[in-house]
Amino acid sequence: MKPLAIFDIETAPDLEAVQRLTPPYVPTPGAKPHAEADYWRGIHAKATLNPATSRIRAIGVQFPGEPPRLQVGTEAELLREFWQLFADWDGPFAYWSGNNSKGCFDPRFLVVRSWVRRVTVPRGAYSRGPGWSLSAEKWLDLAPLFLIGAEANSFCSANKAAKTLGLIGMDLGWATVRDKDALVVKAASFHEWLDSPVLARREAALDYLRNDLAMERAIAEVLLENPSATTPAGGKDWESLDKLIALDSAMREEVAV
């Protein structure tokens, strides 16, 4: 197998789409004062799992022997940058969908959100015959591989798989695989940390994304016996924290539109 690139996305509610596509809150007799807030809180929590009601907030990509590239910016910028990497890389992009009945979560998000933002999806991302499908040569979902032989609705998180394989604490050079349960940032609140005015919270969000890439890289190398082959290179993340700060206003304007 060709060397793998590992990627992971983080999403956030697309507030405009949520308002447009969600039935309005209708109060019922005797409803508690905070019932409407609870209604929208539940809607926003589910929104991040649907490309119709969420946007891609960050993308992490890690190539063999290199430090991770953590992409931040407006959604259109993220998508253009990712697809350029996709077109330039000769091997497959591996990811963890978390559920083999919901495979292709990450790449489908990339494709659908590209359509929404009118960003061109490069040839080779998907094909027809029979039916429309993702390119088997360019995408590799690690979750159903780990769940090999299990029932269609079986579920396993990347974190549980890493624990099962004894990968917690593994040093990859550019990151050490850590137990996600011990991290203060969670997937559902990632965008809140990344949008925080507190620099330390932003750093924690990027660290969460970096850990996801490290965990998936370690899992891939066990399942596929496809080691990085080269010593991880040093260097800073692709997107520095200075650029992250500079892009804040653009990101907030996109949310408000």
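A residue is counted as buried when its relative accessible area is under 20%. By this criterion, buried residues make up 47% of the 257 residues in the chain of this predicted model. The chain contains 10 helices and seven strands. Of the contacts in the chain with a separation of 6 or more, 74% are accounted for by residues 24 or more positions apart.

Strands S2 and S3 span residues 54-62 and residues 69-72, respectively. The two strands pair in the antiparallel sense, over four bridges. The hairpin that they form has six residues between the strands. In this hairpin, Gly65 takes a positive phi near 75°.

Two residues of strand S2 were examined individually. Ile59 is located in S2 and stands opposite Gln71 in S3. With a relative accessible area of 0%, Ile59 falls under the 20% limit and is therefore buried. When residues up to four places away in sequence are not counted, Ile59 touches Asp8, Ile9, Arg69, Leu70, Gln71, Leu78, Phe82, Leu110 and Leu209. One of these residues, Leu78, is 19 residues from Ile59 along the chain; the C-alpha atoms of the pair are separated by 7.0 Å. Arg57 also lies in strand S2. The relative accessible area of Arg57 is 0%, so this residue is buried. The side chain of Arg57 makes a polar contact with the side chain of Asp195, at 2.4 Å.

The side chain of Lys180 makes a polar contact of 3.0 Å with the side chain of Asp212. Leaving aside neighbours within four places in sequence, the residues in contact with Lys180 are Asn159, Lys186, Tyr208, Asn211, Asp212 and Met215.

Tyr126 belongs to strand S5, which covers residues 126-128. The relative accessible area of Tyr126 is 32%; because this value lies between the 20% and 50% limits, the residue is partly exposed. Tyr126 contributes, together with Trp115 and Trp132, to a nonpolar surface patch of about 390 Å².

Ala37 is located in helix H2, which comprises residues 35-47. With a relative accessible area of 39%, Ala37 is likewise partly exposed. Ala37 and Tyr25 are 12 residues apart in sequence, and their C-alpha atoms are 9.5 Å apart in space.

Conventions
Residues numbered from 1 in each chain as written. Predicted model: local features only at pLDDT ≥ 70, side-chain atom pairs only at ≥ 80, totals over all residues. Heavy atoms only, no water. Patch = residues over 30% accessible without salt bridge, like charges linked within 9 Å, V, L, I, M, F, W, Y side chains within 5 Å. Areas by Shrake-Rupley, 256 points an atom, 1.4 Å probe, with all protein chains shown as cover. Salt bridge = Lys/Arg side-chain N within 4 Å of Asp/Glu carboxyl O. Buried < 20%, exposed > 50% of the residue type's maximum accessible area, 1.4 Å probe, protein only. Polar contact = N/O pair within 3.5 Å; in protein donor to acceptor, adjacent residues only side chain to side chain. Contact = heavy atoms within 4.5 Å. Pairing = 2+ DSSP bridges.
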